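The exercises below ask for a careful reading of one model, with each solution worked through in steps. Please look at the sequence and the coordinates before turning to the solutions.

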Amino acid sequence: MRTLRYLIQKEFIQIFRNKAILPMMTVMPIIQLLLLSNAASNEVKEVNIVVVDKDFSESSRLLNRKIEANKRFHVIAATYNNKEASNYLQANQADIVLEVPHDFEKDYLRGERPKLQMLINAINGQNATVGSGYLNAIIASFNGEIMPVKSIKDLQKTQINISSRNWYNPELNYKHFMAPGILAELTALLTIVLSAMNVVRERELGTIEQINVTPIKKWQFIVGKLVPFLCVGMGLLTVGLLVSKVAFNIPIEGNIALIFGYAIFNLVAVLGLGLLISNFAETQQQAIFVAFFFIMIFVLMCGLFTPIESMPKWAQYLTIPNPLAHIISVSRKVLMKGSGFWDIRWEFIYTIALAIVFNTLAIWSYRKQV
Amino acid sequence: MSAITINNISKSYGDVLALNRVSFNVAKGELFGLIGPDGAGKSTLFRILTTLLLADEGEGYVVGHHVVNEYKEIRKKVGYMPGRFSLYQDLSVEENLSFFATIFGTTIQENYDLVKDIYVQLEPFRTRPAGKLSGGMKQKLALCCALIHRPEVLFLDEPTTGVDAVSRVEFWDMLQKLKQKGIAILVSTPYMDEATRCDCIALIQKGGILSINSPQQLIDDFRRPLFAIKTSATYRMLKALRNANFTASALPFGENIHLITTSKMTPKEVKEHLDELNIPVEEVTAITATIEDVFLELSTLKEPIKE
């Protein structure tokens with residue numbers, strides 16, 4: 001026990017004495033958190049639109065005004081010429097071209113079904129779908145407004161009225177959605193890199209040679225590495241949550257202790273993987289490349305940027321051994337939705353299983369003898 | 001019971017034979033030197049005996065424990081100082097020492113008497129990070145750390161490589177003192193001049209043992225006529241000597257040339273022969289061999305001797 005305590009103490013001394021690691025562990029993740037939460041937004045805030053109004057009627061002008069009044073749309077040009085409009089698309093200046101055909105109003109009043117044409121620049125899929133969604137909504141409300149002009153009879157027709165509310169994030173605040181996820185991701189990434197580099201560093205410096213000819217047990221060695229980095233990770237999580245609260249006023253609906261409790265298991269799992277990588281690497285360079293291989297997969301498949309539900313089935317199964325996916329899910333559920341332990345039991349189960357597997361492998365693969 | 005016993009240990013790295021049927025014994029309280037050039041297999045042997053590497057063939061016992069089956073016991077009872085400085089460079093002198101004391105389940109106070117002589121020299125630098133010590137100080141600290149748990153056998157792999165001459169002498173003085181405390185010491189060095197400070201030495205080259213004996217005995221056994229020749233034209237002299245019919249071997253040795261002749265000659269006879277060759281000779285003296293002469297002589301034999 002005394003040995004273990006001293007191993008942990010030694011690791012802490014080394015962490016705090018290393019001038020590069022300390023800012024790497026504190027300042028850098030906080031900068032990333034502030035930067036990414038503000039910048040990495042999937043929200044479509046500005047849709048550039050070109051309106052080709054060939055009708056020039058009361059109705060078409062009303063539609064035009066409605067589009068202009070919407071703060072998400074920016075009408076960059078109005079023209080009569082289809083060619084000119086598609087040039088805007090070609091030059092990537094416009095996201096949508098809306099064409100109001102000749103006799104739009106006339107056909108409408110006659111009870112025929114006039115057609116509007118929307119040309120969408122789908123290079124950016126996100127902008128295209130969201131933008132056309134907005135525009136559809138505007139056209140639908142426009143449709144509803146000009147309807148009464150036609151006849152009294154139509155008024156009596158029942159219309160289905162959809163009203164929606166956004167639960168758990170009523171104002172659809174993107175930062176509330178992103179910040180907990182990014183924080184969870186940064187914590188996991190930092191710990192995996194630190195642990196992956198650590199054992200291999202001892203190998204590079206030769207200190208492991210000396211350690212190996214001592215009665216230190218394998219598990220003591222691994223736990224001695226695990227505990228300090230776990231503390232570092234928890235520290236970062238605490239600071240990160242505070243910063244998120246202050247900077248973005250993220251909601252904390254659930255029990256914060258549940259987040260910390262879960263994070264312990266998650267970090268142990270991630271650290272186990274890092275140590276496992278470290279055991280197999282000869283140099284820090286090798287370790288960092290292997291760590292990056294996992295990091296890229298973990299980050300892009302963790303549900304932070306693309307919802308797991310929209311991945312193919314096989315990829316969804318692949319997120320089960322991804323500790324990042326679980327911590328992001330937990331942090332969002334607990335912080336935004338106020339989920340309790342029972343709601344996140346599966347995340348707990350998967351994570352504990354991962355922690356056991358990774359750490360057992362790490363202890364097993366740490367060889368004192370060649 | 002001997003401190004170290006090894007029997008026919010062999011180890012290959014791929015096609016390279018690093019150790020070829022090496023056997024020897026180190027008694028308790030003996031200072032045993034493993035002398036040989038770089039790449040002779042010294043470090044490989046150390047790593048096998050310190051249970052870090054498995055031998056392909058042969059048996060090894062350290063303080064009576066088998067190096068493979070009872071490695072855990074060995075790790076408690078030996079002190080190892082690897083060839084490369086392997087302490088934590090970012091920990092201070094004191095922190096390093098108490099770290100190694102703790103992981104062996106002891107304290108500095110408990111075994112202070114053993115390291116005292118060495119540690120007093122380090123005391124002024126107690127709080128300095130180990131990485132910022134001078135080469136000689138680093139070696140002393142490494143020795144302290146290897147000793148702090150009162151090991152029965154000490155393995156020192158090239159402890160004096162890269163250390164200045166004064167520190168080297170001091171280091172060997174310390175080893176003499178430790179030996180008197182009953183600790184068996186296996187030390188390797190590429191420096192032949194250090195060999196005389198061992199009780200017994202094994203000359204090793206290309207994985208094979210050339211000879212095992214006490215340094216004095218090795219020198220006494222060297223019965224061939226040996227001369228030191230001082231000349232201003234070393235290269236011409238060497239070339240001429242190697243073509244002469246009385247030469248067994250001629251090797252440059254510092255500023256002199258050491259010549260071994262095939263038959264007994266006096267220095268005067270040698271000088272006369274050399275004068276005939278028309279090469280300026282300043283002085284020819286008959287000398288007693290050093291370990292280096294012995295080593296060079298043995299290593300020029302085609303096959304390492306078998307026991």
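A residue is called buried if 20 or more other C-beta atoms lie within 10 Å of its own, exposed if 12 or fewer do, and partly exposed in between, with C-beta atoms placed from the backbone. Helices (H or I, at least four residues) and strands (E, at least two) are DSSP runs, numbered from the N terminus. This is a predicted model, in which local features need pLDDT of at least 70 and side-chain atom pairs count only at pLDDT 80 or more, while totals for chains, interfaces and linings use all residues. Residues are numbered from 1 along each chain as its sequence is written, and chains are lettered from A and ligands numbered from 1 in the order in which they are written.

**Exercise 1. Determine which residues of helix 1 of chain B are buried.**

Solution. The buried residues of this helix are B:Lys42, B:Thr44, B:Leu45, B:Phe46, B:Arg47, B:Ile48 and B:Leu49. Helix 1 covers residues 42-49 of chain B, and because 7 of its 8 residues are buried, the rest of the structure largely encloses it. After the helix comes B:Thr51, with a positive phi near 65°.

**Exercise 2. State how confident the predictor is in chain B and in the complex, and locate a stretch of chain B where pLDDT stays under 50.**

Solution. The confidence of the predictor in each residue is expressed as pLDDT, from 0 to 100. For chain B its mean is 88, and 98% of the residues reach 70 or more. Over residues 302-307 of chain B, however, pLDDT stays under 50, and for this stretch the model has 7 contacts beyond four places in sequence, a contact being a pair of residues whose C-beta atoms, placed from the backbone, lie within 7 Å. For the complex, the predictor gives an ipTM of 0.79 and a pTM of 0.79.

**Exercise 3. Work out the strand order of the open sheet of 4 strands in chain B, and identify the strands at its edges.**

Solution. Two strands pair if DSSP finds at least two bridges between them. The order of the open sheet is 2-1-4-5, with antiparallel pairing. Strand 2 (16-26) and strand 5 (65-66) of chain B stand at the edges, each with a single partner strand, so one side of each is left without a neighbour in the sheet. Strand 4 (residues 57-62) of chain B is joined to strand 5 of chain B by 2 bridges, and the two run antiparallel; B:Val62 stands opposite B:His65 in strand 5.

**Exercise 4. Decide whether A:Asn249 and B:Glu158, which have positive phi values, are buried or exposed.**

Solution. Most residues other than glycine have a negative phi. A:Asn249, which is not a glycine, has a positive phi of about 50°, and is placed in the loop between helix 11 (218-248) and helix 12 (256-280) of chain A. With 12 C-beta neighbours inside 10 Å, A:Asn249 counts as exposed. For B:Glu158, phi is near 45°, and its place is in the loop between strand 7 (153-156) and helix 6 (165-180) of chain B. B:Glu158 is buried, because 21 other C-beta atoms lie within 10 Å.

How values were computed. Contact = placed C-beta atoms within 7 Å.
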